[in-house]
Amino acid sequence: MIYLITEQTELFDQYSPDLIRKVNVEKAREALKGAPLLALDTETKGLDPFSCELLCTQLSDGGSDQYVIDNTTVPLKAFKDIIEES
């Protein structure tokens with residue numbers, strides 16, 4: 001399942017809840033906390049990850065669930081401790 005963490009809910013109302021579900025930061029943190037392994041992927045506005053704006057971050061514990069963070073509305077800092085602990 002793909003879980004979307006965003007404040008732009010109107011943009012994603014068109015998708016089936018069987019495909020993408022919106023969750024809040026607390027629920028996503030709860031699901032990812034304590035994962036022994038964490039996969040991380042980012043999308044930016046350009047090719048240089050150090051100078052281009054971060055658009056979204058995708059996190060997964062290696063299972064079938066993926067958490068996509070819309071970094072234009074949700075700061076990555078909300079997941080900093082979970083990323084650092086993995």
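**Figure 1. Burial, fold and overall dimensions of the protein.** Buried residues (under 20% relative accessible area, with exposed over 50% and partly exposed in between; 1.4 Å probe, protein chains only) make up 26% of the 86 residues in this predicted model. The secondary structure comprises two helices and five strands, where helices (H or I, at least four residues) and strands (E, at least two) are DSSP runs numbered from the N terminus. Read from the N terminus, the order of elements is β-β-α-β-β-β-α. Along the principal axes, the C-alpha atoms fill a box of roughly 35 × 30 × 20 Å. The model is predicted, so that local features need pLDDT of at least 70 and side-chain atom pairs count only at pLDDT 80 or more, while totals for chains, interfaces and linings use all residues. Residues are numbered from 1 along each chain as its sequence is written, and side-chain values use heavy atoms, with hydrogens and water left out.

Figure 2. S60 belongs to strand β4, which spans residues 54–60. Its relative accessibility is 11%, and S60 therefore counts as buried. The S60 side chain reaches the backbone oxygen of D65 at 3.1 Å. Apart from neighbours within four places in sequence, S60 is in contact (heavy atoms within 4.5 Å) with L32, L37, L38, A39 and D65.

Figure 3. L55 is partly exposed because its relative accessible area is 27%. With neighbours within four places in sequence set aside, the contacts of L55 are E43, T44, K45, I69, D70, N71 and T72. From L55 to K77, the separation is 22 residues in sequence and 14 Å in space, C-alpha to C-alpha.

**Figure 4. D18 in the loop between β1 and β2.** The loop that holds D18 lies between β1 (2–5) and β2 (20–22). D18 has a relative accessible area of 66% and is therefore exposed. D18 and T44 stand 26 residues apart in sequence, and their C-alpha atoms are 27 Å apart in space. T44 is also one of the residues in contact with L55.

Terms used: Polar contact = N/O pair within 3.5 Å; in protein donor to acceptor, adjacent residues only side chain to side chain.
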